[in-house]
Amino acid sequence: MIRRRIFDEEHTLFRDSVRRWMAEHVAPHAERWRSEGQVDRDVWRAAGDAGYLAMFVDPAYGGLGLDDFRFDQILTEELTRIDSSFYMPLHNRIVAPYIDSLGTDAQKQRFLPGVCSGECILAIAMTEPGTGSDLAAISTRAEDKGDHWLLNGAKTYISNGQLADLVVVAAKTGSGNQKSVGLFLVERGFEGFERGRNLKKLGLDGQDTSELFFNNVVVPKDNVLGAPTEGFRNMMVNLAEERLGGAVQFAARAERALEITHEFVTERKAFGQAIGAFQNTRFKMAEMRTQLDAAWALVDHCVLEHLEGALTADLAAEAKLFTSEVEGRVVDECLQLHGGAGYMDEYEITRHYRDARVSRIYAGTSEIMKEIIGRGLGLDGRER
Ligand SMILES: Cc1cc2nc3c(=O)[nH]c(=O)nc-3n(C[C@H](O)[C@H](O)[C@H](O)COP(=O)(O)OP(=O)(O)OC[C@H]3O[C@@H](n4cnc5c(N)ncnc54)[C@H](O)[C@@H]3O)c2cc1C
């Protein structure tokens with residue numbers, strides 16, 4: 001594996017302690033979580049006690065004030081090595097930043113301490129039954145009723161949807177202006193806020209993914225996040241970090257797949273020799289190692305850019321596109337090298353194969369990533 005040059009001694013020590021924590025708090029439960037379709041709330045509180053939730057949050061609001069993305073990167077890498085059920089990365093680096101960057105002082109006082117302790121699990125709801133990639137076409141609507149907003153609509157495929165205590169919901173707020181969108185903080189127990197099924201999926205079995213329904217939900221004015229017309233722009237700003245977080249996960253999952261496949265091809269014999277000794281296996285392993293090293297180099301470069309506040313939407317899209325495509329090829333080749341064992345649930349590779357399929361779809365599909373990158377190249381047909 002390529003030498004990771006972006007980490008210091010303190011990051012290495014952090015990784016060691018995270019690895020021990022995951023071995024104690026995640027590994028023993030992962031199989032049960034996968035069969036139950038969601039994780040225990042206890043693991044959220046344990047992560048909060050360990051200081052792993054929304055580490056970047058100011059200590060005044062219950063966080064550690066540790067705004068160095070590399071610590072979150074390490075958490076994600078170590079978690080993904082073991083199991084992807086516990087969707088802490090979504091809470092930590094996708095949703096919490098919305099509250100932190102757009103929230104009023106009062107909103108931060110109210111919500112962030114629970115976000116950091118694990119009492120308040122977060123989700124974000126953009127996708128709807130009728131639209132995903134085309135966010136401007138959402139039909140969930142919030143009407144300004146003077147002293148409150150009235151929210152109506154439905155969302156789907158929402159991660160942490162069953163467990164969430166607080167959901168950031170994107171809704172149309174204007175009539176004429178297509179992009180007039182607001183973000184609303186919908187709390188567990190709000191009247192008219194209902195959860196649908198925990199959706200059965202191809203992979204990521206331990207992550208709860210749900211439909212959410214909003215029927216005349218009264219949302220107090222205090223629960224509007226940012227300007228109620230600027231939600232679209234705010235989502236675009238936060239999507240770059242979301243895509244980088246995804247890229248970390250995808251590379252980590254592919255790395256784990258390669259690691260277990262290396263063990264398998266070393267031990268498994270055919271025609272009197274280890275299958276790893278066949279030239280085909282060696283070449284496949286070499287190709288995968290090379291692609292993954294390139295993926296890590298890109299991920300780590302993006303992390304450094306992000307630390308300097310210089311990560312662009314285009315570059316984040318490149319990282320998401322490249323790592324998810326590499327991951328897809330790696331898990332497929334790794335499964336092939338397992339032979340029939342690769343099709344059996346008792347072998348870990350099967351799970352990574354299934355979990356990886358969504359990487360090219362969520363947080364923006366590969367096609368949408370190419371659109372973003374292509375537009376950055378000035379190839380959108382618009383006159384300049
Ligand atoms: C497991 C899982 C978890 C998820 N978690 C969340 C969550 O927490 N919150 C949330 O809001 N959403 C979530 N999503 C939704 C996810 O982000 C969307 O599924 C994704 O953005 C794609 O949208 P769609 O499903 O509507 O597909 P569509 O937009 O209907 O796309 C269908 C196909 O058309 C292609 N396509 C669309 N537009 C173009 C174009 N302009 N050019 C070329 N091709 C195009 C797409 O690439 C795709 O291949 C989750 C999805 C899954 C599967």
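## Salt bridges, domains and a surface patch

D165 forms a salt bridge with R41, and their closest N and O atoms lie 2.6 Å apart; the term covers a side-chain nitrogen of Lys or Arg within 4 Å of a carboxyl oxygen of Asp or Glu. This is a predicted model, in which local features need pLDDT of at least 70 and side-chain atom pairs count only at pLDDT 80 or more, while totals for chains, interfaces and linings use all residues. Residues are numbered from 1 along each chain as its sequence is written, and side-chain values use heavy atoms, leaving out hydrogens and water.

**Domains 1 and 2**

- The domain assignment, whose bounds come from an automatic or database source, gives domain 1 (9–120), domain 2 (123–228) and domain 3 (233–376).
- Taken over C-alpha atoms, the centres of domain 1 and domain 2 are 23 Å apart.
- In domain 1, 22 residues are in contact with 25 residues of domain 2, contact meaning heavy atoms within 4.5 Å.
- The two domains bury about 2,000 Å² between them, with 61% of it on carbon and sulfur atoms; buried area is the accessible area (1.4 Å probe) that two parts lose on being put together, summed over both.
- Two salt bridges are found across the interface of domain 1 and domain 2.

**Salt bridges through the chain**

- The whole structure holds 30 salt bridges.
- R15 pairs with E77 at 2.9 Å between the closest N and O atoms, linking helix α1 (residues 9–25) to helix α4 (residues 69–82) across 62 residues; helices (H or I, at least four residues) and strands (E, at least two) are DSSP runs numbered from the N terminus.
- Both R15 and E77 are buried, that is, under 20% relative accessible area, where exposed is over 50% and partly exposed lies in between (1.4 Å probe, protein chains only).
- R15 and E77 also belong to a salt-bridge network with R4, R19, E78 and D300.
- K155 and E128 meet in a salt bridge of 2.9 Å, N to O, which joins strand β3 (residues 148–159) to the loop between β1 (122–125) and β2 (141–144).
- K155 counts as buried because its relative accessible area is 1%, and E128 does so at 4%.

**A nonpolar patch**

- Y343, M344 and Y347 make a nonpolar surface patch of about 370 Å².
- Y347 sits in the loop between α9 (313–337) and α10 (348–356), and its 33% relative accessibility makes Y347 partly exposed.
- Patch residues have over 30% relative accessible area and no salt bridge; like charges are joined within 9 Å and nonpolar side chains (Val, Leu, Ile, Met, Phe, Trp, Tyr) within 5 Å.
- Accessible areas come from the Shrake-Rupley method with a 1.4 Å probe, and for residues only the protein chains shown count as cover.
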